[in-house]
Amino acid sequence: MANSSDVMEKLVSLCKRRGFVFQSSEIYGGTGSVWDYGPLGVELQRNVKEAWWRAMVHERDDIEGLDAAILMHPRVWEASGHVSGFTDPLIECTSCHRRFRADNPEVAGKNQCPVCGTKDSFGEPRMFNLMFKTFMGPVEDTSATVYLRPETAQGSYVNFQNVINGSRQRVPFGIAQIGKAFRNEITPGNFIFRTREFEQMEMQFFVEPGSDDEWFEYWKAKRMAWMESLGIRAENLRFSEHGPDELAHYAKKAFDIQYKFPFGWQEFEGIHNRTDFDLKRHQEYSGKKLEYVDPVDREKRYLPYVIETAVGVGRTILALLVDAYQEEALEGEPRVVLRLDPRLAPIKVAVFPLVKKDGMPERATAIQQALRAAGINSFYDDSGSIGKRYRRQDETGTPFCLTIDGQSNEDGTVTVRDRDTLVQQRISSDSVIDYVRTRIS
Ligand code: ATP
């Protein structure tokens, strides 16, 4: 088992070397805390989003999907409170001009700059708005200022009536979205943990006021169970409740699901009771009625309360990678293995002809074609010893490796080797698809 302090370093290096995550615009020296997902990273990311969508939308009758635009009417962000309230306190060292979040433990309550060491060098904290601004249209004047959304949630609120009308849902029901969000974080960092551009998987569940506490507990339990279902070890997950000082401007109650990252316990999902704050404000600012009218008892009208579940794709990926990363000794040789759940693994099966002759490449290619036709992502590798080929797949989390050898020509069987148990067994080539499919769905 790797020492926790160097796990991050090893993961960052593995992610770059094997094509999971690259620094954005690296050849120009990188962009501050923005990351690109490479060939394997994008597969992992798609699988995570797919698993979330399946659990939150496809497997339920009471949640609808939505894909709202990143750019919204600027009044949305006035109504939501983000223009006035989505701020962090910023302090600047008057000597080296480095900036910090005033509530960062490195500087909070201390009067010494952690970078240049100057004492009493901090000015008064000022509030810094985390929203990115840009201009819509050709004239760069303030009337055309728009924001890059800092959360997807507002798209669900402003479409609340559209979704009801188009789907015939009744309260309680939810709207789910996966999409990009942007925050001009003062102190981003820890690889893909805190970035300025990131993706969120958010679900807003609209409920009758009074039933909100019960639904809050329901979603807390559901979301924790989902994390565990992805194979994340239960001992590395916990809830943490926001104290009154930490509650966002819209929240009545908030719990984080935290993961034990190598740099400490940190949030990666939030479950919030946002009350009727957002709908009420949008009703006020837009002048449009957003009330829900009970279709049976039409006298019953109210603004629903909202229970939100909000999780970052990047943070989920980081938690999954940290949890899956293991170093072990195998037959005296070190082995790095990513024990990712087979459903999430970027490559599901590697196909190896033992040698590049005697009909083995042809058989291997035919198997790969069958895997492709079945929609199973595979990788063909005919270079190096089988042991080396196994190692390369282990460190990218491929759960199954198939080897086509001399016996395959005689009896049509192949060897399948399991990443976790290391057990090798012969199965008929005709059963490969079923074998893999039952283990990845
Ligand atoms: P934090 O306290 O870490 O800044 P938050 O409480 O502001 O997070 P929410 O607004 O609840 O976060 O956002 C929901 C989720 O979106 C977070 O749990 C996290 O997974 C993700 N997220 C938020 N900000 C970032 C960011 N800057 N980079 C990556 N993911 C983020």
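**Notebook: core, ligand shell and a hairpin**

I looked up the largest nonpolar core first: among its 83 residues, Ile-317, Leu-318, Leu-320, Leu-321 and Leu-402 touch the most other members. Such a core is a set of buried Ala, Val, Leu, Ile, Met, Phe, Trp, Tyr and Cys residues joined through C-beta atoms within 7 Å; buried means 20 or more other C-beta atoms within 10 Å of a residue's own, placed from the backbone. I noted that α9 contributes the most to this core, 8 residues. Domain 1 (4–79 + 150–321) and domain 2 (347–440) each supply at least three residues, with bounds from an automatic or database assignment.

The model is predicted; local features need pLDDT of at least 70, side-chain atom pairs count only at pLDDT 80 or more, and totals for chains, interfaces and linings use all residues. Residues are numbered from 1 along each chain as its sequence is written.

Of the 16 residues around the ligand (C-beta atom, placed from the backbone, within 6 Å), Phe-198, Gly-270, Ala-310, Gly-312 and Arg-315 come nearest. I found that β10 (197–207), β13 (264–275), β16 (305–312) and α9 (313–324) each give two or more residues to this shell; helices (H or I, at least four residues) and strands (E, at least two) are DSSP runs numbered from the N terminus. The largest share, 4 residues, comes from β13.

Last, I examined β22 (residues 413–418) and β23 (residues 424–428), which run antiparallel and are joined by 5 bridges; pairing requires at least two DSSP bridges. I recorded Arg-417 opposite Gln-424 in β23. The two strands form a hairpin with 5 residues between them, and Leu-422 in the turn has a positive phi of about 65°.

Definitions and conventions. A residue is buried if 20 or more other C-beta atoms lie within 10 Å of its own, exposed if 12 or fewer, and partly exposed in between; C-beta atoms are placed from the backbone.
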